[in-house]
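Got the viewer open and a cartoon on screen? Here's a short tour, one selection at a time.

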Amino acid sequence: MKQPIIENDPIAMVAEAFEAVFPGIEYAAVYAPQIRDGNGTIVCSCVTFPDEGVDDVPVIALNSQAGIEVAAEAFAQELAHVALGSESLEHGEEYDKALKAIADKYKEIGSARFPEEVEKNEQKE
């Protein structure tokens, strides 16, 4: 993966973690100024899967109004769905495992990239 423009960009780090855990799975991601669920409630993110037989990739939309940490967490959640397919939208044990794998890899990447932050946090505890 190429070097991110912003060294500590959590969105890029989540994408890097996803690629490490689920290599080769394609998706597209976009920011949208407002995302609503089926009930009209504003949400942080959503994933849209292509119709069966269509040669497209799942598209993740992230609410551009969400804070960066919230958006990164939402991105990881949507990527777990991408890894497992549209049948995972109801969540469940496999979804939880996929999300944990992405989160664990994200923490590993952060610890390797920013060891001084890990040390600071350990001293606080």
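Keep in mind that this is a predicted model. Start by selecting α3, residues 93-113. This helix has 21 residues and runs 30 Å from its first C-alpha to its last, close to the 30 Å expected at 1.5 Å a residue.

Now show side chains along α3 and pick out Y95, A98, I102, I109 and G110, which are buried. Because these residues cover an arc of only 105° around the axis, they sit on the same side of α3. What do the buried residues of α3 pack against? Bring up α1 (10-21) and α2 to see their partners.

Next, step back into the loop between α2 (68-84) and α3. Select S88, which lies in this loop. Is S88 buried or exposed? With a relative accessible area of 6%, S88 falls under the 20% cut-off, so it counts as buried.

Stay on S88 and draw two distances. One goes from its side chain to the side chain of H81, a polar contact at 2.9 Å. The other goes from the S88 side chain to the backbone oxygen of G85, at 2.8 Å.

Last stop: H91, in the loop between α2 and α3. Check its backbone, where phi is positive at about 70° even though H91 is not a glycine. At 44% relative accessibility, H91 counts as partly exposed.

Terms used
Residues are numbered from 1 along each chain as its sequence is written. This is a predicted model: local features need pLDDT of at least 70, side-chain atom pairs count only at pLDDT 80 or more; totals for chains, interfaces and linings use all residues. Side-chain values use heavy atoms; hydrogens and water are left out. Helices (H or I, at least four residues) and strands (E, at least two) are DSSP runs, numbered from the N terminus. Buried means under 20% relative accessible area, exposed over 50%, partly exposed in between (1.4 Å probe, protein chains only). A polar contact is a pair of N or O atoms within 3.5 Å; within protein, one must be able to donate a hydrogen and the other to accept it, and residues adjacent in sequence count only if both atoms are side-chain atoms. The expected span of a helix is 1.5 Å times one less than its number of residues. The arc is that of the directions from the helix axis to the C-beta atoms. Contact means heavy atoms within 4.5 Å.
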